Structures are given as structure tokens and as C-alpha cells.
Amino acid sequence: MNQASLEVRIPCRKNGALVLRNPVMPASGTFGYGTEYAELIEVSRLGAIVTKGVTLVPWAGNPQPRVWETPSGMLNSIGLENIGVDAVVREKAPVWATWNTPVIVNIAGHAPSEYVEVASRLQGVRGVAALEINISCPNVSEGGIEFGMCPQAAAGLTGAVRDATSLPLVVKLSPNVSDIVSIAQAVVDAGADAICCINTLRGTAIDIERRCFRLGRPSGGLSGPAVKPVALHMVHAVAHAIDAPVIACGGISTADDVVEFIMAGATGVQMGTATFSDATAMLRAIDGTAAFMARHGIESPADIRGAV
């Protein structure tokens, strides 16, 4: 038997393939720009790095408080706070260019024209390996999730960004919809190379003593183990319905979770909330996945992808 390899490939219609040394990467918004964690963990061991959302101009984010712990999860209302694309190109990309781990930049905006402009400014920038279009953030008043609620709007935005860049293109979808499969198919038809399922679920927490919301807004995004069954269901449904790779996100904490999502049909996985309590969670998941494969004589993640 050949030695097992964790490598996965995401074919890209305009730019060959995005090759990852393993399927594990951070979820957008949970790992900063990657540079913040470079002294805590070996970022070179990750399959890829996914940045926090990047917009055309700096965004201040939502009012405090922004985070509230829930049973088996957490609510967040960060609101895509970020330094803006020009600062990212100037300050972050030169660091990324020195790494041997591909960096996927998550992009967002208030209007399709803003997404297009961000994608255009990242085109050809050394250190930027791919883009992830955020049409699923529930924590902004304009943009974000409103573009991911129906197939037509999602496809229109995806097509506009596709025309603006030759970079590999991932589209991150929301679970807060009635038919995620039709939206996934629409964005693939419009030019997406891969789908990310899912972003956070809408949720609310109330302080009964103070008679107010726990967050600075009435609702936030629910993440963590509580959402894993929803994410697994949607990943399975999308992966078996469309002809494009699916990157899973939602409640993934351990190597067993990684294997479970791959068996559901995922090509890659993103981990987020788990890393807040343990910065090494992704590294342990990588090692555990390799151990599972060795124990069962599995040579590649592709051998068990979609096995269920």
C-alpha cells in the first residue's frame, strides 16, 4: 500500500487547481488574518488559511457586547470588523507571500459593486491564493446574507465577481434559507469553483434581569457543536446534488468530526469556535485524521469522500 496522503485538490475553472496539504483550515472570522496566530501554532501545517471578512473600506463592526456563550456553542455579532482591502494588500499580503500555506481571503460588501472592487484589488496580489465570497453573514444590516437568500441574487453576485478575477472562487452559503441546494447550484452555474456550507444560524439571547438582549444587536450568529447536525445535513445534501467541491463548516471540533464531514461529501473542512478554547484544535484534528486513515488503511480523503 502507498503511504497515506491528506492532500486534497479543488479544481478551478480559470486557474488550474487549489492544492491543500490537508483538508483542515480555519473558518473566516475566527483566525483573524492568520498573522495573529503565527506565533501560537504552526500555520504551515494547515491546509489553508481563511481570513476574516475583507471589505472595500474599513468597517468598525457592531456595538458591544459582541459575543455570548450558549449551551454547546456561542453567539457572535462582530459585524465584519476589518481594516479594508487596501490595508490588507499593504500590510498582510506581504507576510502571506512568505508562507507555504495558501491564503483564502473572505470578501464582503454592502453592494455587488463593492464585492467586485475588492476582488479586483486582490487580483494578482502575491500571497492571495483564492477568494471566499461571503453571502451569508447574518450580522450586518446591508449586504452579506441578503445576497445569499435566493438563487438569482446569489448567482448575480457570483457571476460579477467571477468576471473580475481569475482566482479560485469559493462561495460561503447561509443555513438561514429554505433551499440551500438550489442556491448552491445557482452559484456553481455562475462560476463558483467550490461551495462552503455553512455560516452561522441566526440566534438570540436575553438577559431576563436587565430585560435586554445579551448582544449589542437583537440577534447574532450561532456557531459551535450545537449547529453540527444542521451543517452535516446541509453538506450532505449539497455535496450529493452539485458537481463541485464542498467545504464543510459548522461545529467541527475533532478528527472524528472531520472524517464524518468527509464521509458526508466534503472535500475540506473549516474549524472556528473550537479554536477559541484551544488554539491547537486544528493541528490535533489533522493528526487525528491521519491516524484514522492509517488505522483503516485509507490512502486519501477521496477514498471515503461521500461514503455515506
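## Helix α8 and its surroundings

Helix α8 is followed by G297, whose phi is positive, near 65°. The model is predicted: local features need pLDDT of at least 70, side-chain atom pairs count only at pLDDT 80 or more, and totals for chains, interfaces and linings use all residues. Residues are numbered from 1 along each chain as its sequence is written, and side-chain values use heavy atoms, with hydrogens and water left out. Helices (H or I, at least four residues) and strands (E, at least two) are DSSP runs, numbered from the N terminus.

Helix α8 itself covers residues 281–296. Its 16 residues reach 22 Å from the first C-alpha to the last, close to the 22 Å expected at 1.5 Å a residue; the expected span is 1.5 Å times one less than the number of residues. The buried residues of α8 are A281, M282, L283, A285, I286, T289, F292 and M293. Here buried means under 20% relative accessible area, exposed over 50%, and partly exposed in between (1.4 Å probe, protein chains only). An α-helix has 3.6 residues a turn, so residues three or four places apart point the same way. The buried residues of α8 pack against β3 (24–26), α6 (255–264), β16 (268–271) and α7 (274–277).

Within helix α7 is T275, a buried residue with a relative accessible area of 3%. Apart from its neighbours within four places in sequence, T275 is in contact (heavy atoms within 4.5 Å) with T30, A281 and M282. A281 and M282 are also among the buried residues of α8.

## The parallel sheet

An open sheet is formed by eight strands in the order β3-β16-β15-β10-β9-β8-β7-β4, with parallel pairing. Its edge strands are β3 and β4, each of which pairs on one side only. Two strands pair if DSSP finds at least two bridges between them. Strand β9 (residues 169–173) runs parallel to β10 and is joined to it by four bridges. V171 stands opposite I195 in β10.

## Backbone exceptions

Most residues other than glycine have a negative phi, and most peptide bonds are trans. Two cis peptide bonds are described here. One joins Q64 and P65, with omega about -5°; P65 is found in the loop between β4 (49–50) and β5 (67–70). Another joins C197 and I198, with omega about 10°, and I198 lies in the loop between β10 (194–197) and β11 (201–203).

Positive phi values occur at S72, near 60°, and at R211, near 55°. S72 is in the loop between β5 and β6 (73–76). R211 belongs to the loop between β12 and β13 (212–213) and is exposed, with a relative accessible area of 77%.

## A nonpolar surface patch

I206, I208 and F213 form a nonpolar patch on the surface, with about 320 Å² of accessible area together. Patches are made of residues with over 30% relative accessible area and no salt bridge; like charges are joined within 9 Å, nonpolar side chains (Val, Leu, Ile, Met, Phe, Trp, Tyr) within 5 Å. A salt bridge is a side-chain nitrogen of Lys or Arg within 4 Å of a carboxyl oxygen of Asp or Glu. Accessible areas come from the Shrake-Rupley method with a 1.4 Å probe; for residues, only the protein chains shown count as cover. I206 lies in strand β12 (residues 206–207) and is exposed, with a relative accessible area of 51%.

## Contacts of E114

E114 is part of helix α2 (residues 112–122). The C-alpha atoms of E114 and V57 are separated by 9.2 Å, although these residues are 57 residues apart along the chain. Not counting residues up to four places away in sequence, E114 touches L56, W59 and G109.
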